[in-house]
Amino acid sequence: MVTKRSSMVKEMDTTYKQQLEMEMETQSRKRRGLIRRLTLLGILSLSLFCIAFVTIYAQANTIEEKEQKRVALQNQLETLELEQENLEQEIENYNNLEYIAEIARRDYYLSKPGETLFKLPE
């Protein structure tokens, strides 16, 4: 039951219509260009952020490893300094004749002429 009616609507002037369509098309192109530029900018920003994050993370790990190594070397240095002090004390003791005589009596049971050594149980 569709009836065919004659349309009373008149078309607008074609030059005005064409001009309006061209303006709309220009705006549409500008909008698409803006969206493309913003998308590209977003992708670049995200890429730079990821690169910066990875770099900072790697540097933080390197710093932590070096800090652990520094602490270990500091502990080793303290141990070696204590050992050096003990060795220097031994050098001083071995340059002392009384200390050498005491070691000789205690470990090798040597005595001075006319001296008798007695070993007592501890």
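Q: Where does phenylalanine 53 lie?
A: Phenylalanine 53 lies in helix H1. Keep in mind that this is a predicted model.

Q: Is phenylalanine 53 buried or exposed?
A: Phenylalanine 53 counts as exposed, at 52% relative accessibility. The cut-off for exposed is over 50%.

Q: Which surface patch has Phe53 in it?
A: A nonpolar one, formed by Leu46, Phe49, Phe53, Val54 and Tyr57. Together they have about 600 Å² of accessible area.

Q: Switching to rings. How many aromatic pairs are there?
A: The structure holds 2 aromatic pairs. One of them is phenylalanine 53 with tyrosine 57, with ring centres 6.5 Å apart and planes at 20°.

Q: Why is the pair of phenylalanine 53 and tyrosine 57 called stacked?
A: The planes are at 20°, so the pair is stacked. Planes under 30 degrees apart count as stacked.

Q: How many residues apart are phenylalanine 53 and tyrosine 57 in helix H1?
A: They are 4 residues apart, so about one helical turn separates them. Both phenylalanine 53 and tyrosine 57 are exposed.

Q: And what about the rings of tyrosine 94 and tyrosine 99?
A: Their centres are 5.7 Å apart and their planes are at 70°, so that pair is edge-to-face. Tyrosine 94 is partly exposed, with a relative accessible area of 46%. Tyrosine 99 is also partly exposed, with a relative accessible area of 26%.

Q: New topic. How many salt bridges does a search of the whole structure find?
A: It finds 4 salt bridges. Side chains of opposite charge can pair when their charged atoms come close.

Q: Take glutamate 67. What does it form a salt bridge with?
A: Glutamate 67 pairs with arginine 70, and the closest N and O atoms are 2.7 Å apart. Both lie in helix H1, 3 residues apart, about one turn of the helix. Glutamate 67 is partly exposed, with a relative accessible area of 39%. Arginine 70 is partly exposed too, with a relative accessible area of 45%.

Q: And glutamate 25, what is its partner?
A: Arginine 29, with the closest N and O atoms 3.6 Å apart. Glutamate 25 and arginine 29 are 4 residues apart in helix H1, about one turn. Glutamate 25 is partly exposed at 46% relative accessible area, and arginine 29 is partly exposed at 47%.

Q: What do the side chains of aspartate 107 and arginine 106 do?
A: They meet in a salt bridge, 3.1 Å from N to O. Aspartate 107 counts as partly exposed, at 40% relative accessibility. Arginine 106 is partly exposed as well, with a relative accessible area of 47%.

Q: Back to patches. Which residues form the negative one?
A: Glu78, Glu81, Glu85, Glu88 and Glu92 form it. Glutamate 78 lies in helix H1, which covers residues 14–94. Glutamate 78 is partly exposed, with a relative accessible area of 41%.

Q: Where is glutamate 83?
A: Glutamate 83 lies in helix H1. Glutamate 83 counts as partly exposed, at 42% relative accessibility.

Q: How far is glutamate 83 from leucine 110, C-alpha to C-alpha?
A: The two C-alpha atoms are separated by 30 Å. Along the chain, glutamate 83 and leucine 110 are 27 residues apart.

Q: Last one. What is the phi of tyrosine 109?
A: Phi is positive, about 55°, although tyrosine 109 is not a glycine. Tyrosine 109 sits in the segment after helix H2 (97–108). Tyrosine 109 is exposed, with a relative accessible area of 53%.

Note on methods:
Residues are numbered from 1 along each chain as its sequence is written. This is a predicted model: local features need pLDDT of at least 70, side-chain atom pairs count only at pLDDT 80 or more; totals for chains, interfaces and linings use all residues. Side-chain values use heavy atoms; hydrogens and water are left out. Patches are made of residues with over 30% relative accessible area and no salt bridge: like charges are joined within 9 Å, nonpolar side chains (Val, Leu, Ile, Met, Phe, Trp, Tyr) within 5 Å. Accessible areas come from the Shrake-Rupley method with a 1.4 Å probe; for residues, only the protein chains shown count as cover. Lys and Arg count as positive and Asp and Glu as negative; His and the chain ends are not counted. The place of a charge is taken as NZ of Lys, CZ of Arg, CG of Asp or CD of Glu. Helices (H or I, at least four residues) and strands (E, at least two) are DSSP runs, numbered from the N terminus. Buried means under 20% relative accessible area, exposed over 50%, partly exposed in between (1.4 Å probe, protein chains only). Rings of Phe, Tyr and Trp (its six-membered ring) pair if their centres lie within 6.5 Å; planes under 30 degrees apart count as stacked, over 60 as edge-to-face and the rest as tilted.
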